[in-house]
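Here is a short briefing for a first look. Start with the view below, then read the points by topic.

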Amino acid sequence: MSNTVLTVARDEWRYWQRSRLAQSVVILAFLLAIASVWVTHTSVSHSIDQRQHQQAESEAVFEAQPDRHPHRMVHYGHYLFRSPPPLGSLDPGIDAFTGNAIFLEGHRQNGATFADRKQASGLTWLAKLTPAFVMQVLTPLLMIVIGFGVMTREREAGTLEFLKVQGVSPFVMLAGKGIALAGAGMLILLPLFLGVCLTLLDGAAVVPALAFLASYVIYMAVWIGIVLLVSTLASSNSSSFGSLVVVWIALCLIVPRIASNTAGVLVHSPGKLETDFAVLKQLREMGDGHNANDPAFKALKDNLLAKYKVDSVEALPINFRGIVAQQSEADLTKVLNDFAEQQMTQQADQAAIARQFGWLSPMIAIQNASMKLAGTDLENYHRFLREAENVRFDFVQSLNKLHAEGMTLEQDANKYKSQAAKKAATVSADNWQILNDFHFTPLPPTQRFANSLLAMTQLVISLAVVFGVIFYAGRRV
Amino acid sequence: MNFLDVRRETVFLLRKKSIALLLLAGFLLASFSVWTGSVDVAQQHQTIERLLVGDSVDREEVTHKHHDYGYIAYYTFHLTYAPPSPLAFAALGVRDIYPWKHRVRMLALEGQIHESDTPNPELALAGKIDFTFVIAVFSPLLLILLLHDLRASERAAGRHDFLVVTARTRNSLWPLRTAILMVALWLALIVPFLLGCAVNGVGIVDVFMISAIVLVYLLFWSVICYLVARLAFPAPVLASLLLGGWLLTTFIIPAVGDVVIEEAYHGPEGGNILMTQREAVNDAWDLPHQVTMDAFLETHPQWQGKTQTTSLFEWKWYFAFQQVGDEKALPLAIAYQQTAEDRYRAAGYIALLSPATLLKRALTHWAHTDAPAAWHYEQQVRAFHAELRQFYYPFLFNGTPYSEASLADRPVFTPYKNTER
């Protein structure tokens, strides 16, 4: 029996060897896969180097600043750069759509700036030549072109009946044809396999990398199943081909975009500009941290006076302006974080809606599984934003602490009076060593794996459904 | 060929279930794209309305809180925006990548203008269905499915030779059938578009132009399908050939072209603009005021003799170094922009090999939603920011006492009205 299966598979391969169409399709798919792995790996490695270099430079420049008033360093600010994770060289995910640098300064949460897309040729409006795109969208179409006739060809040629009479059960036929298609699929997946090996050398974690590969194998199996199924049900080559192309258009081109449109229409996410109004309004009510005389800080002042048992801010042992700066930064950050979390929640809600469409289209499922395992999805981007905010708050507050403890209120208030007074209101440049080496790492491997489970489940269920229907249809061949 | 031929063939073709289904799919998808596109554009308009209200409330409060030109200039934000054109519903374009709204103030502009208020990146990755996508990407597929087996199916049904010998003229069979299917598809796609145009108030010239462009585009693909369908291969082979051509021109050529262009044109990193501007602005705090003022006077000689400062902090000096910081970063900003423009122009040549991309460039151009439209908006913001500076400098450098009434003459951003060309 197993011999018969292999014979059927071998026969199918022999047929492809004689068919110029099948040959050119397999070669084309293979070349595309290799080209995409090479191009993306090169460009992502380049940007990893570049961003790490920029990060080191940014820290060096900050620490090399001369003696200054600490509040000046609050506004001098600091840059963080986000390097793509190793698996990002196979699936860059949303990397090209998000800014990859973020400027950190006092009193503001800047968005990430300079998304690559803004300087792009505009040619990538449909796709970028990445392994993810080639594997998710193009290979299913190529599998259709080589496989649409696996069953219908036998039917049209009349050999199907002949084989049945000879005692070859439809399941043996289907298994053989499936193995034949799987062979072609594995060949096209080979460059991806090599790419995963490369990322392991680059330091990718083993579990997500293997799951990444496995998700593509399952995805390929789903498509092999779809091709087998339609070819089994169709009465002729033409109708098999036509139906498969319609299925591909729907699953790979239409449903993902319907998902995106639907999510955008169902959950409205106002931009940062709009939430800024609310922030500004709250800011005015809380008082401006640059102005220690703002009535909003009266309570703070009274508390401090009581604590140190003195009757004027001038008599305090610390610089009241620095205290105000600390307090208002903390209050403001709370407000900023509330709004930032709100926006991230809205985006996550939108993404959650779009991801539910993965039950309909395995392409959406593989896209999500792949991004999540690679660490290039929305959650990891939000993680970057949150980490950046922590870095921002820490460095601003340590500078504000210097502001409060490194000079007297009198020195601070008179800093614009003369050059000597200005010099008195500075702290030593030794204090600028407050930055830790920042290196963005995506969520830990187990977490990424856990996050991909929904998408993985969608893939596995698609596979089960497709093969379940084949089993049902096979009995009626 | 006469009217009877046309009617007979039309009825015959439209009665085929597969053809009717494909036309229905085209109609539904075009309707969906027009509907969601219109919702998207309406949301953009509502956002602008809300921003305008918020902006004026905010400015009012700032104006009442401060009584000094320096503080007013420092704290007052001004809303700039590019409203979507009536046609934007059909071609959403790059408005989800390039910013179309900012709030700027009189600080160094390079630190503000590159901020983008981007929406959800994960939705941007999936892309959106707009009418442009339906036409550029989807309609050739429908045509391929409709037309590839024009002859092969009749051959398979054994009617081919019979049809050929009984046809009244040469044109009354295959060309007529091709034309009928193409026009039927055009109608299925264009009717939702026309409804969208009516709802969004698109000018009649645009409606005609776009409808004509779409027809020409369908005609182009129909001719290709017609020619390929003449080859005596089985239907799946013909369809594979056509699909291969579609795949190559729609996806592969643009994707490869993008890699080539990225390699061919290198410009400054965006981050360098911000870095340069930041260094220039921050260094100024430690430099003698005179150094900044000398640099400032080179581009603003009219303030010669009015740049002395008496305190270590004066607003005119503060804004002068903001200006100087911008000027230092300007060559980089120009080079950055130049790279973007070079790449976009080079992409125009590649688009000649990719009809879908060519069509998308044409439609987004008409809808003012392409990259050049975004650059135009950026230029407007730069011009407006320059006006703001022109407005405040006399007060700051002449030391004019503050009067709230004088703010009535403050420049107001006027958006580019995209209602007509």
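A salt bridge is a side-chain nitrogen of Lys or Arg within 4 Å of a carboxyl oxygen of Asp or Glu. Between chain A and chain B the count is four salt bridges. The model is predicted.

**Where chain A meets chain B**

- Chain A puts 90 residues into the contact, and chain B puts in 90 residues.
- About 8300 Å² is buried between chain A and chain B. Carbon and sulfur atoms give 64% of that area.
- One salt bridge joins the side chains of Arg68(A) and Asp286(B), at 2.9 Å from N to O.
- Helix H9 of chain A, residues 237–266, supplies the largest share of chain A's side: 19 residues.
- That side of chain A holds 43 nonpolar, 31 polar and 16 charged residues.

**Two helices packed within chain A**

- Helix H2 (residues 20–63) and helix H4 (residues 131–147) of chain A have axes that come within 10 Å. The axes cross at roughly 175°.
- Angles over 145 degrees count as roughly antiparallel, and H2(A) and H4(A) are therefore roughly antiparallel to each other.
- On H2(A), the contact residues include Leu21(A), Val25(A), Leu28(A), Leu32(A), Ser36(A) and Thr40(A).
- On H4(A), they include Pro131(A), Met135(A), Leu138(A), Leu142(A) and Ile146(A).
- The contact of H2(A) with H4(A) has 16 nonpolar residues, two polar and no charged.

Notes: Residues numbered from 1 in each chain as written. Chains lettered and ligands numbered in written order. Predicted model: local features only at pLDDT ≥ 70, side-chain atom pairs only at ≥ 80, totals over all residues. Heavy atoms only, no water. Axes fitted to C-alpha atoms, helices over the stretch in contact; angles between N-to-C directions. Helix = DSSP H or I, 4+ residues; strand = E, 2+ residues; numbered from the N terminus. Parallel < 35°, antiparallel > 145°, perpendicular 65-115°, else oblique. Contact = heavy atoms within 4.5 Å. Nonpolar A, V, L, I, M, F, W, Y, C, P; charged D, E, K, R; others polar. Buried area = accessible area lost by both parts, 1.4 Å probe.
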